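Trainee: Could you take me through one part of this predicted model in close detail? I would like to look at the charged side chains and how they pair.

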Amino acid sequence: MALAGALLAGVAAATAAAPAPACTQPLLEELGWRFSDAPINAPVVHGGPVCERADLGQAQRAGDLRVQLPQGWDPTRRADFMTTLLDDPATLCAYAFKLGQATRRATTQLQDNPGYRFSALQLGWIGFGARGAQAQGWQRFRSFGRGYAPAGRNSVALQHFYDGRVRSECGVGRQVAQLATQRELYGDAAFDAEFTPGELSIGTFLTLHETDSILLGRHAGEFLADGKARKTAQLGRQAFVGAPGFIEHVFDSRYLDDINNQAENFVVVDVSDAAARALRTHDGFAHYDAINRQIWALAQRMPGPGPRRFERLLVERDPVWRNGLPPEQKPLLAELDALLDDPFYQGFVIYVHPRGIRPVGYHIARLLDRNPRTPFAFELGLHNLHTTLYRRWIDARLRQCDSPPAASPQHNSHAGR
């Protein structure tokens, strides 16, 4: 887990001065750590391979996240030790369970909103329809819909992507999913209190760099750059969850037939154990970029009519379409099936606006229909989930414990969070 330790470089400086030391142990226990006292001279910590587990329950059943403390320690020494445990790689992975739950809540509500659409005909980068941005909680700071920030309460602005009528392309969809995940992680009251409107800016990616955005702007802090997921693959399945990325065309733009599907911006929602093992074995995405090339080359040898032909053949596996293939194409179909049955294609699950939550294999098959003249490749985007945003959440929770904020009204879907 040395790589996880590297991801946490600098966390100690941020957490050592955190308020309310008496709140640290309850927060660690909420994350899943279990403490016991014993007649020993030094603490015994067993973090375990937490990022490889399916959930916190599995981690605890396997004996992860256990600490024995010396019986003779006084409260000050105990509190100092608890602060150092915030820097343990197992704590980061325990936080990843909460992050994953928040990601799944956010992306499920975004995909379930029929009013959140994608349209090449929309006026501007983001479109708020006839009601306008202000009526849906946002204020414009760049022309042609290239930049918006919350106009009032942060939670209200994000809620309109859950149940309002908004249009955007998939890059903004990825940003909204990332911000909605933070809303779900914090709860509405803390989300409203902890972030300024500028930190929740949405718009073109270039626009975000010029703002206080917590995703890509001045307040993003320390990034993890792991485009081909080599580091993340070694950490385990939970290290992927919530991370942004994109599926991008390999050949240049002259080989694109559908410019609106030149890339698929995504947020990772879930990773199966088998998919995580496959990624670790193959050292990240590069292996699957080569497999994508094989899939594309096989598809080139299977000409035929139909706007969703490969989606029907490879995703839906429609028996009528499959049985109707020319005999010479059926061996090629069997090869495609075998490649797409790899655990990565079936168990690496992502959210893409407006396609919803689906495994990556669906997108590769769909792009064979949309842009048949180029293969596609996978890439993780820059993110700060395990660095700056982790530190901010820890510090916010410790402050809340010390001085709990007054609750703000919440939507029913967030009751009991």
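Mentor: Start with arginine 317. Its relative accessibility is 30%, so arginine 317 counts as partly exposed. Now find its partner. The side chain of arginine 317 meets that of aspartate 341 in a salt bridge, 3.1 Å from N to O. This pair links distant parts of the chain, 24 residues apart. Arginine 317 sits in the loop between α15 (309-315) and α16 (319-323). Aspartate 341 sits in the loop between α17 (330-340) and α18 (343-347).

Salt bridges that share partners join Arg317, Arg322, Asp337 and Asp341 into one network. Why can such side chains pair at all? Side chains of opposite charge can pair when their charged atoms come close.

Next, look at aspartate 257. It forms a salt bridge with arginine 373, and their closest N and O atoms are 3.2 Å apart. Check the exposure of each partner. Aspartate 257 has a relative accessible area of 47%, so it is partly exposed. Arginine 373 has 35% relative accessibility, so it also counts as partly exposed.

Now a third pair. Aspartate 212 forms a salt bridge with arginine 218. Their closest N and O atoms are 3.0 Å apart. Aspartate 212 has 24% relative accessibility. Buried means under 20%, so aspartate 212 counts as partly exposed. Arginine 218 has 56% relative accessibility. Exposed means over 50%, so arginine 218 counts as exposed.

How many salt bridges does the model hold? The count comes to 27. The pairs above are among them: arginine 317 with aspartate 341, aspartate 257 with arginine 373, and aspartate 212 with arginine 218.

Then move to aspartate 257 and its partner, arginine 373. Finish at aspartate 212 and arginine 218.

Methods: Residues are numbered from 1 along each chain as its sequence is written. This is a predicted model: local features need pLDDT of at least 70, side-chain atom pairs count only at pLDDT 80 or more; totals for chains, interfaces and linings use all residues. Side-chain values use heavy atoms; hydrogens and water are left out. A salt bridge is a side-chain nitrogen of Lys or Arg within 4 Å of a carboxyl oxygen of Asp or Glu. Buried means under 20% relative accessible area, exposed over 50%, partly exposed in between (1.4 Å probe, protein chains only). Helices (H or I, at least four residues) and strands (E, at least two) are DSSP runs, numbered from the N terminus.
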